[in-house]
Amino acid sequence: MNLKVVMTIQAQQQYQVPRPMVPEVPAPPNSLLFVQNLPREATSLEIQMLFQQFPGFKEVRMIEAKPGIAFVEFGDEMQATVALSALQNFKITPSHTMLVSYAKK
């Protein structure tokens, strides 16, 4: 590579305008909740016990390959919203505060 090409590439890299960070758009309200920041050892039964106290609870789904997250399904959007509001920031352990959001479909 000749010196002029190298200098041009270096100049382009030096003066590139940084791309703005685009925040992730939250999923619209729906009947499926996405639960994060669970302890690695949390079981679906433990999560079920928390969420089944809310009307419309259907099931908990956990992905073994991704510990610390779960999906919780409700009968409809309103029922999911009530559970989300009630359990958002629930301290499941002293070092784990649950983060609950609507799942992306």
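In this predicted model, S31 counts as buried, because its relative accessibility is 13% and the limit for a buried residue is under 20%. S31 is located in the loop that runs between α1 (3–14) and β1 (32–36). With neighbours within four places in sequence left aside, the contacts of S31 are V72, E73, F74, G75, D76, E77, A80 and K105.

Helix α2 spans residues 44–51, and its buried residues are I47, L50 and F51. Viewed down the axis of α2, these buried residues fall within an arc of 90 degrees, so they line one face of the helix. An α-helix has 3.6 residues a turn, and therefore residues three or four places apart point the same way. The face of α2 turned away from the buried side carries L45 and M49, which are exposed. The buried residues of α2 are covered by elements including the strands β1, β2 (57–62), β3 (70–74), β4 (91–93) and β6 (99–102), together with helix α3 (77–87).

Two of the strands named in that cover, β2 and β3, are also joined by a salt bridge, in which the side chains of R61 and E73 meet at 3.0 Å, N to O. R61 belongs to strand β2 and E73 to strand β3, so this pair ties together parts that are 12 residues apart in sequence. R61 also forms a salt bridge with E59, with the closest N and O atoms 2.7 Å apart. The structure holds 2 salt bridges, and E59, R61 and E73 are linked in a network. Side chains of opposite charge can pair when their charged atoms come close. E59 is partly exposed, because its relative accessible area of 34% lies between the limits of 20% and 50%. R61, at 33% relative accessibility, likewise counts as partly exposed. E73 of this network is also one of the residues in contact with S31.

Positive phi values occur at two asparagines in loops. N37 is found between β1 and α2, and its phi is about 65 degrees although N37 is not a glycine. At 35% relative accessibility, N37 counts as partly exposed. N89 is placed in the loop between α3 and β4. The phi of N89 is near 70 degrees, again a positive value in a residue other than glycine. N89 has a relative accessibility of 47% and therefore counts as partly exposed.

Notes:
Residues are numbered from 1 along each chain as its sequence is written. This is a predicted model: local features need pLDDT of at least 70, side-chain atom pairs count only at pLDDT 80 or more; totals for chains, interfaces and linings use all residues. Side-chain values use heavy atoms; hydrogens and water are left out. Helices (H or I, at least four residues) and strands (E, at least two) are DSSP runs, numbered from the N terminus. Buried means under 20% relative accessible area, exposed over 50%, partly exposed in between (1.4 Å probe, protein chains only). Contact means heavy atoms within 4.5 Å. The arc is that of the directions from the helix axis to the C-beta atoms. A salt bridge is a side-chain nitrogen of Lys or Arg within 4 Å of a carboxyl oxygen of Asp or Glu.
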